[in-house]
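Hi,

Here is the structure I promised to pass on. Have a look at it first, and then read my notes below.

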Amino acid sequence: MKQKQISRRAFLKGTAAGALGMAAAGLLGGCANDNSNAATAATPTPTDIPQNSAADWLGSAPVIDESQIVATYDCDVVVIGAGTAGLFAACAAAEEGASTILVEKFGEEYGGSGIRDTLAAVNSRQQIENNDNPDPFDVMTEMYRQSNGYGDQRLFKVWAEHSGEAIDWYGDLLEKNGLRLRHEVDDHSKAVRYPIYDVGHSLQMSDTQGAEGVTAKILKDYGQSLGLTIHYNTALTSLIKDGEQVVGLFAAVEGGYARYNAAKGVIVCTGGYSLNKDMLQALQPETVKMTNINYSYPGSTGDGIKACLWAGAAMDETHAGMLFDRGAVKPDQTGCDEQGVLFWMGSQPFLKVDLNGQRFTNESGCYDHILHDAYNLPGMTYAMLWDANYIQDMERFDTHGCSRMFPHANGAESVWPLEFNEAVFMSQYREQGIVVSADTIEELADKLGLPREALKATVERYNELADKQQDEDFGKEPFRLSALRQAPFEGVRMSGGYFICTLDGIKIDTHMNALTPQGTPIEGLYVAGDCSGGYFDGSYPNLLAGCAAGRSVTFGRLAGKLAAHRGM
């Protein structure tokens with residue numbers, strides 16, 4: 001799996017070439033950084049660890065000798081990980097008057113990637129003002145349905161009760177710094193097969209002038225103005241327990257280890273394990289098979305999850321990853337073992353066919369569903385086709401969330417603008433032969449390695465359905481049908497998706513406390529963000545735009561408040 005990143009804001013700032021040159025900083029999606037391990041807790045037995053193979057990925061808790069400690073710090077709250085959840089947790093704890101230290105595995109340039117994208121909430125001021133505030137129970141029901149019932153409705157309720165406040169607080173902070181967080185309002189006049197709710201709130205990218213990390217810096221500066229201390233290049237090694245409660249941690253620093261004593265609590269916000277091959281293979285082998293490009297954030301190696309497990313916590317026994325249908329391959333490539341390229345248009349509901357040239361699905365739905373469906377196809381590979389009218393088609397498709405390339409109905413900017421797609425992706429992929437063009441459907445079939453007559457028959461049938469404005473074969477919404485009649489005809493092979501993060505983690509209660517396998521809260525140990533569990537299963541409900549990052553900011557902020565007041 002390939003790991004690389006491209007920033008869309010670099011395009012907004014200037015040239016497309018600048019965007020293509022940017023790599024390595026985790027610039028897309030809704031997650032955060034990682035760092036961790038743990039200390040004095042006994043290692044759980046294999047029966048306590050969710051697994052599809054041996055629990056070799058867990059290993060044993062490291063032992064830190066007092067002679068290795070080069071520094072000791074005392075405070076009320078320690079937050080681990082300066083990513084999305086961690087920044088919100090640290091600011092909240094500092095706001096509540098707790099002496100707080102934020103430790104970050106990497107340098108000052110890392111942190112907060114997810115807060116640059118869409119954040120989900122209900123009952124925000126903007127939603128109420130826009131008269132477009134989804135019923136919390138409708139949203140909770142959809143989250144519960146998409147988690148196959150494994151999602152904890154109590155956690156969904158906590159999110160619904162606190163997300164609006166978190167978004168209002170963040171929006172106010174951004175506004176003081178000259179930025180805007182806008183509620184994304186879409187047109188609901190057309191019937192859709194998959195329910196959508198306008199929960200998304202996104203940073204208006206034109207305001208940032210292309211500056212990377214601007215929102216993370218705003219949060220860090222705000223926290224530091226309240227007395228927050230930030231320690232960079234400090235990697236969690238182990239959690240420290242006194243009896244059954246967590247009282248601190250050891251962290252690797254230059255020259256040895258630092259000991260952090262936390263009087264009120266430790267908040268683990270270290271992200272998931274999408275860069276830990278052993279954990280992925282053991283816990284999500286199906287995700288590995290569906291991935292051909294890995295956009296994970298640096299540090300997403302599951303260290304925080306392992307630290308909590310060593311400290312006696314329990315982990316989700318079902319798993320989920322954020323995987324989008326945007327992994328393109330060359331026309332002669334098949335299967336997810338190939339090195340893919342990010343093709344943002346892949347989520348658009350154009351005609352999609354298998355390698356036999358036959359349509360196989362309703363192309364309009366959740367991003368990862370078509371990847372699951374591709375398990376049934378030869379080589380897990382399919383092709384997506386469009387004609388010269390594709391831009392007008394995409395505008396009519398009126399997609400929701402980050403696949404959208406046009407402004408929302410209320411003028412809120414799209415997360416990924418059409419101009420960036422055209423100037424960067426379409427131009428370079430046409431030149432590289434990843435996107436192929438043809439004057440006829442037969443020629444297009446040849447260039448994509450598909451049977452001529454079969455593809456021609458499929459296109460004729462699809463055009464017939466588009467003319468009828470009724471999908472008699474798979475039930476796609478009429479306004480998302482698009483005829484292929486105007487040359488040039490174009491297409492691309494898709495095989496697997498681009499993987500952003502894992503979404504399963506340590507089981508928590510409604511107070512953000514980590515839970516033991518018996519369901520008992522571990523005093524002093526809080527978990528938030530992508531390393532926390534009880535929320536997703538098998539899929540990411542992307543039509544609830546910003547669902548993951550919205551959880552991170554809401555639960556991070558709540559964990560900071562609760563930890564600051566522990567024992568009071």
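A word on terms before anything else: I call a residue buried when its relative accessible area is under 20%, exposed when it is over 50%, and partly exposed in between. Please also keep in mind that this is a predicted model.

**Helix α3**

With those terms in hand, let's start with helix α3, which runs over residues 84-95. How many of its 12 residues are buried? The count is 11 of 12, so by the under-20% cut-off α3 is mostly covered. The buried ones are Thr84, Ala85, Gly86, Leu87, Phe88, Ala89, Ala90, Cys91, Ala92, Ala93 and Ala94.

As for its length, α3 reaches 17 Å from its first C-alpha to its last, which is close to the 16 Å expected at 1.5 Å a residue. After the helix comes Gly97, with a positive phi near 90°.

**Aromatic pairs around Phe350**

Next, the rings. A pair of aromatic rings is described by the distance of the centres and the angle of the planes. Searching the whole structure turns up 24 aromatic pairs. I'll go through two of them that share Phe350.

Why does Phe350 count as buried? Because its relative accessibility is 1%, and the cut-off for buried is under 20%. Phe397 is buried as well, with a relative accessible area of 0%.

Staying in helix α13, you'll find Arg396. Is Arg396 buried or partly exposed? At 31% relative accessible area, Arg396 is partly exposed. Leaving aside neighbours within four places in sequence, Arg396 is in contact with Lys190, Phe479, Leu481 and Ser482. Take Ser482 from that list: Arg396 and Ser482 are 86 residues apart in sequence, yet their C-alphas are 9.4 Å apart in space.

Asp398 lies in the loop between α13 and α14 (418-432). This residue is buried, with a relative accessible area of 16%. Its backbone deserves a look too, which brings me to the next topic.

**Backbone details**

Most residues other than glycine have a negative phi, and most peptide bonds are trans. Asp398 has a positive phi of about 55° although it is not a glycine. Asn233 is another non-glycine with a positive phi, of about 50°. Asn233 is placed in the loop between β6 (229-231) and β7 (235-242), and it is exposed, with a relative accessible area of 53%.

Where is there a cis peptide bond? Look at the step from Ala487 to Pro488, where omega is near 5°. Pro488 is in the loop between α16 (452-468) and β17 (489-494).

The structure holds 3 cavities of 30 Å³ or more. The second largest cavity has a volume of about 150 Å³. Of the 15 residues that line it, Ser364, Gly365, Thr399, Arg480 and Leu543 are the closest to its centre. That lining is made up of 6 nonpolar, 6 polar and 3 charged residues.

The largest pocket has a volume of about 280 Å³. Which of its 14 lining residues lie nearest its centre? They are Tyr150, Asp152, Asp316, Lys507 and Gly534. By class, the pocket lining has 5 nonpolar, 3 polar and 6 charged residues.

Happy browsing!

Terms used
Residues are numbered from 1 along each chain as its sequence is written. This is a predicted model: local features need pLDDT of at least 70, side-chain atom pairs count only at pLDDT 80 or more; totals for chains, interfaces and linings use all residues. Side-chain values use heavy atoms; hydrogens and water are left out. On a 1 Å grid over the protein atoms alone, a cavity is a set of points where a 1.4 Å probe fits but cannot get out, and a pocket is an open set with protein on both sides within 12 Å along at least five of seven lines; lining residues have an atom within 4 Å of a point. Grid points are joined across faces, edges and corners, and a volume is the space filled by probe spheres set on the points. Ala, Val, Leu, Ile, Met, Phe, Trp, Tyr, Cys and Pro count as nonpolar, Asp, Glu, Lys and Arg as charged, and the others, Gly among them, as polar. Helices (H or I, at least four residues) and strands (E, at least two) are DSSP runs, numbered from the N terminus. The expected span of a helix is 1.5 Å times one less than its number of residues. Buried means under 20% relative accessible area, exposed over 50%, partly exposed in between (1.4 Å probe, protein chains only). Rings of Phe, Tyr and Trp (its six-membered ring) pair if their centres lie within 6.5 Å; planes under 30 degrees apart count as stacked, over 60 as edge-to-face and the rest as tilted. Contact means heavy atoms within 4.5 Å.
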